[in-house]
Amino acid sequence: MKNLCYCIPRQTLRIRKEDNGLAIVSKIDTGQVIVLNKTAVEILELCDGTKDLEDIAAQLLNKYKGVTKEEITSSIIASINQLEQMGFVVRETNCKTRVDI
């Protein structure tokens, strides 16, 4: 069975982190802009084409102590679904080796 991984088309996104913890993410090709909170940016940055939902949850669970796996997973799913609907994240059926652009 193939893993379902998440990736962002990095060549088309620009992420600018602000001092207040928010980030402004823009799609270079369309000019579409969204503002994300710190956790949503962390989720977005973990969508590198090599991680599935379990991988992303495991990384965030290591960082945020006291949060349950169910809470983290629910937050990831909600964030990824919203980002996917806006075209900032795509799903792939085969995890790849990470390539930074």
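**Exercise 1. At roughly what angle do the axes of H1 and H3 cross, and within what distance do they come?**

The model is predicted: local features need pLDDT of at least 70, side-chain atom pairs count only at pLDDT 80 or more, and totals for chains, interfaces and linings use all residues. Residues are numbered from 1 along each chain as its sequence is written, and side-chain values use heavy atoms, with hydrogens and water left out.

Step 1. Two packed helices are described by the angle between their axes and the distance between the axes. Axes are lines fitted to C-alpha atoms, for helices over the stretch in contact, and angles run from 0 to 180 degrees between N-to-C directions.

Step 2. For H1 and H3 the crossing angle is roughly 75°, and the axes come within 10 Å.

Step 3. Angles under 35 degrees count as roughly parallel, over 145 as roughly antiparallel, 65 to 115 as roughly perpendicular and the rest as oblique. H1 and H3 are therefore roughly perpendicular to each other.

Step 4. On the H1 side, Ala-40, Ile-43 and Leu-44 meet Ser-75, Ile-76, Ser-79, Ile-80 and Leu-83 of H3, where contact means heavy atoms within 4.5 Å. The residues of this contact divide into six nonpolar, two polar and no charged. In this count Ala, Val, Leu, Ile, Met, Phe, Trp, Tyr, Cys and Pro are nonpolar, Asp, Glu, Lys and Arg are charged, and the others, Gly among them, are polar.

**Exercise 2. State the order of the elements along the chain and give its overall totals.**

Step 1. Helices (H or I, at least four residues) and strands (E, at least two) are DSSP runs, numbered from the N terminus. The chain has three helices and six strands, and from the N terminus on they run β-β-β-β-α-β-α-α-β.

Step 2. Buried means under 20% relative accessible area, exposed over 50%, and partly exposed in between (1.4 Å probe, protein chains only). Of the 101 residues of the chain, 36% are buried.

Step 3. Among contacts between residues at least 6 apart in sequence, 56% join residues at least 24 apart.

**Exercise 3. Is Ile-76 buried or exposed, and which residues does Ile-76 contact beyond its neighbours within four places in sequence?**

Step 1. Ile-76 lies in helix H3. Its relative accessible area is 0%, so Ile-76 is buried.

Step 2. The contacts of Ile-76 beyond four places in sequence are Ile-43, Leu-53, Ile-56, Ala-57 and Leu-60. Leu-53 is 23 residues away from Ile-76 in sequence, with 7.7 Å between their C-alpha atoms.

Step 3. Thr-73 is also found in helix H3. Thr-73 is buried because its relative accessible area is 16%, and Thr-73 touches Leu-53 and Ala-57, not counting residues up to four places away in sequence.
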